[in-house]
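Please open the model in your viewer and keep the selection tool at hand. We will go from stop to stop, with something to select at each one.

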Amino acid sequence: MEINERRVLQQVRNFERALTGYDNKEPLARYLTRFFKENKQMGSSDRRMTSRFCYNYFRLGNAYPQSDLVERLVIAEFLCEQHSDLVGLQNKQLADSIHLPLSEKLNIASSQKDFDLDRLFPITDTLSKDVDKDTFLASHFIQPNLFIRIRRGQESRVQDILQNEGIYAETITAQTLALANGTKLQNIKGLNGLYEVQDLSSQYTLNFMASDPGENWWDTCAASGGKSLMLLDNQPTIKLLVSDIRLSILRNLDERFQQAGIKQSYRKKVIDLTDASNVKAIIQDEQFDGIVVDAPCSGSGTWGRTPEMMQSFDVKKLESFTTLQKQIVTQVIPFLKVGKPLVYITCSVYRAENEDIINYILSHFAMRLEKMEFIKGYDNKADSMFAARLIKA
């Protein structure tokens, strides 16, 4: 098919205009939403290509630090796509190879001056020990899947609705489906409240949160409540406290729980887990049968979805997260019953936020490690995470 050069050049101009206005101070998705609202003349295909170009551009991380935006974008398109009019227009040699497997395309890209895959991701010398570095780096050129978790008992109903809508979904487990990234589910009639968008690796962390009926659990960094929803779906009779430092987030949690049809009562508290007096004043002498610390972290295991983060992260930011993680576990462990589990979770690939925090806990508190695992989401077009279950001695 003949390439419409004028059309491609317009797409590039849209991309350059969008990228020039982005300052890395907010998620790229949020910025692009605002950019498109301010540029209503752009049609759906223009918006789609602008988003694609921007995300592919950032997927290169620091592997190809070219000042020429188009030159960098051509390499990004070559690695991320199986067809690209831009590559066809700019580089015939690369266009002839764009259909090849990613491993072969990476070899071709490595022959380009200044391209170095090892530079793609920041601070790679401190990755968790079980990370396969080459596979992990290459995964950033592949769009992750959209994963959903179906409410228990609604599996057949959701499958039937998706099938009737002509939406293909790969069944991972009875409750877990994988769909193409960007699949629009929000407006499908009858589907609302029957599922949660939740990454495959995040769903896997339920394996670390085994609980018994009627137990008292505390989700300390609940955010929008993804882990809490899993807990309640798996064990509806637990007594649950959810907390976060932001009241607005807990209000979002309430809305999400309502949409999910949660009937069980739960408590919620605004707690600053870095302030011992604040924690003590709110929790007082309460003791828990299980505590979940889904810790604030770099989010580095999710940068396949938010690749813009790779260019602005550094050691100083990593250190700020590890300091925060140590503060949080220090404040919550005293409220855990003896013989009961602390579940520590991150969506990080860095040893400092994962194994090093577990070593900190073991060396500072009477805890024993039951199990821990680096969850290799990059093998499944999913996020990569870390989870550990420790028992108070």
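Predicted model: local features only at pLDDT ≥ 70, side-chain atom pairs only at ≥ 80, totals over all residues.

**Stop one: serine 202**

Select serine 202 and show the helix around it: this is α10, which spans residues 200–204. Is serine 202 buried or exposed? Its relative accessible area is 8%, so serine 202 counts as buried, the cut-off being under 20%.

Leaving aside residues up to four places away in sequence, serine 202 touches Lys227, Met230 and Met385. Look at lysine 227 in particular: its side chain and that of serine 202 are joined by a polar contact of 3.2 Å.

**Stop two: the second largest pocket**

To find its centre, select Thr173, Gln175, Thr176, Gln203 and Leu206, which are the closest to it among the 13 lining residues.

Next, colour the secondary structure elements. Those that give two or more residues to this lining are β2 (170–173), α10 and α11 (226–234). Which of them gives the largest share of the lining? That is α10, with 3 residues. If you colour the lining of this pocket by residue class, you will find 5 nonpolar, 5 polar and 3 charged residues.

**Stop three: the cysteines**

Select the cysteine sulfurs next. How many disulfides does the structure hold? The number is 0. Cysteine 221 is in no disulfide, and the nearest cysteine sulfur, on cysteine 297, is 10 Å away. Move on to cysteine 297 and draw a distance to the sulfur of cysteine 347: this is the nearest cysteine sulfur, at 3.5 Å. A disulfide needs the two sulfurs within 2.5 Å, so cysteine 297 is in no disulfide either.

While you are here, switch to a view of accessibility. Cysteine 221 is buried, with a relative accessible area of 12%. Cysteine 297 also counts as buried, at 12% relative accessibility.

**Stop four: helix α15**

For the last stop, select residues 355–364, which form helix α15. Show the side chains of Glu355, Ile357, Ile358, Tyr360 and Ile361: these are the buried residues of the helix. What covers them? Bring up α14 (315–332), β9 (341–346), β10 (367–375) and β11 (385–392), which are among the elements that cover the buried residues of α15.

Methods
Residues numbered from 1 in each chain as written. Heavy atoms only, no water. Helix = DSSP H or I, 4+ residues; strand = E, 2+ residues; numbered from the N terminus. Buried < 20%, exposed > 50% of the residue type's maximum accessible area, 1.4 Å probe, protein only. Polar contact = N/O pair within 3.5 Å; in protein donor to acceptor, adjacent residues only side chain to side chain. Contact = heavy atoms within 4.5 Å. 1 Å grid on protein atoms, 1.4 Å probe; cavity = no way out; pocket = protein on both sides within 12 Å on 5 of 7 lines; lining within 4 Å. Nonpolar A, V, L, I, M, F, W, Y, C, P; charged D, E, K, R; others polar.
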